[in-house]
Amino acid sequence: MTNDDYITYEPLAFTVTVDNLEFDDNTGFVIQSDFASLIHEWWHYVQDVATVTGQNGVYLWLRDMARISKITCSKVGEEIHIPLSKDEYGEPMSKFRKLFMLFCGEKEEHRIEQAKITAEPDIKVFSLGLDGEKRTLPDCRLQINSKEFLFRLIALQELNCYYAQKIAEGYVQDKPKVPADSLPEFPYKVGDLLFKYYGIECDDKVKFLISFLSLDSIQAPAVFLKVLESFKGQELSFDNDIALIEKQFDKVATSYAWSNDDIYKEWMKDYNNWMFDQGRQYLAKSIEWFVAKIILADAFRNFEGKSFFVRVFCGNIKSLNQLYLSFPIPIFKKNGVLMGSSMIGNNNTIDFGNEHEQALILRYHKRLFDLICIKDIKDMEDKATCDIFEDCPYRVKVNKDYDCKVAVWEVVQGETKAQCPYAIALHTMGLWQNRLVVDF
Ligand SMILES: [Zn+2]
């Protein structure tokens, strides 16, 4: 079992599923032997909201949502046919999400004995046409024991979480139920292999820092490899070399990627349009919540330096807890029930209720997006049902069990008020005034 089977984070749904974890009944805290596993998944959430690559995933998805909502909301009494027809460029409506998924790569895990990098990592660039523009993506490849592996965003995110998990293990006494060391070599230990290949002497904190700073540049996998190459044969220490490492990122990241400030400027134009959209008030509020997270992360970095997140994480368990309180996991899913909770640290004054509510609305927009963008009937089976049907706290109020179970998009037909987060998403997308028709 690997950590990501034991406990999972759903990107864009801001949800950590904790069925296997144990919590102390008295404190509500996760027990010590599950602590580092929880931190691994929480860190995926931090990557989503606090690094430019994670934020880009949300932005590109919302861009597709905005385009799709133009089709689903513009008229009244229409039938919207699924699968959706192509756009004016002959491209699918979910193309920006697809672009991001290409950049992300597939999730694969491999156990490799005596793993070693056996050739110089290779960075090429590939381009594709989208929306009438040419887009370029880095294509990074590695050889481990002479076998080729794609090194895309997801691999970098995982190896970064591996260090988060390892460092968190050092904060508790009990032996972890799923130790970081037991994880497969690919992708989790690829960082270790690369640091070794480049002959860089350093501890896990430095590896954690360099991989996290890479995630905060738009061409992350290529930037990671280039920064490592630039430190070839050097010895780095967390206590003395943070400033040196930050400087190297300024140099390498700016020659390999656009500046984050330019990207933020681009995004904010769109976010402003979406946030002040009178017709989609619930979604607008949720986007506002997400943008507030981006701004908070950016403010920390501006005031405290690029390495703020990792420095605080690596300080001690108290400062890690403080960081958690600024970016708490908004949704926990335990045995089919969605809940919001602080879980670690309950003596705080932060309103987790709002985090939970806003994230829930985005979560259900993502579910609806996945339904609207299905490719085939098989894909539909799982998406047609609400995923919390069995234990749904809203079911009595909604009182439409049949629709929730077989055709959840029908829930808002003839209803002027949305009674649950999924229904809010349906309303936002105009599916109370227009009907979804599945045509395969
Ligand atoms: Zn993971």
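This talk goes through a helix pair, a sheet and some backbone details of one predicted model.

Two conventions to start. Residues are numbered from 1 along each chain as its sequence is written. As the model is predicted, local features need pLDDT of at least 70 and side-chain atom pairs count only at pLDDT 80 or more, while totals for chains, interfaces and linings use all residues. Helices (H or I, at least four residues) and strands (E, at least two) are DSSP runs, numbered from the N terminus.

The helix pair comes first. Helix α10, residues 260-275, packs with helix α11, residues 281-304, at an angle of about 145 degrees, and their axes are 8 Å apart. On the α10 side the contact is made by Y271, W274 and M275, and on the α11 side by A284, I287, E288 and V291. By class, this contact has six nonpolar residues, no polar ones and one charged. Axes here are lines fitted to C-alpha atoms, for helices over the stretch in contact, and angles run from 0 to 180 degrees between N-to-C directions. Contact means C-beta atoms, placed from the backbone, within 7 Å. Nonpolar covers Ala, Val, Leu, Ile, Met, Phe, Trp, Tyr, Cys and Pro; charged covers Asp, Glu, Lys and Arg; the others, Gly among them, are polar.

Next, the sheet. Three strands form an open sheet in the order β4-β5-β6, with antiparallel pairing; two strands pair if DSSP finds at least two bridges between them. The edge strands, each pairing on one side only, are β4 (122-130) and β6 (147-150). On average, neighbouring strands of this sheet are turned by 35 degrees against each other, direction ignored. β4 and β5 (residues 133-144) pair over nine bridges, and S127 stands opposite T136 in β5. Helix α8, residues 220-230, lies across β4 and β5 and runs at about 50 degrees to β5.

Now the backbone. Most residues other than glycine have a negative phi, and most peptide bonds are trans. D131, in the loop between β4 and β5, has a positive phi of about 60 degrees. Is D131 exposed or partly exposed? D131 counts as partly exposed because it has 15 C-beta neighbours inside 10 Å. The cut-offs, with C-beta atoms placed from the backbone, are 20 or more others within 10 Å for buried, 12 or fewer for exposed, and partly exposed in between. N399 has a phi near 55 degrees and is exposed, with 11 other C-beta atoms within 10 Å.

Last, the cis peptide bonds. One joins I82 and P83, with omega about 0 degrees. Another joins F186 and P187, with omega about 5 degrees.

How values were computed
Two residues are in contact if their C-beta atoms, placed from the backbone, lie within 7 Å.
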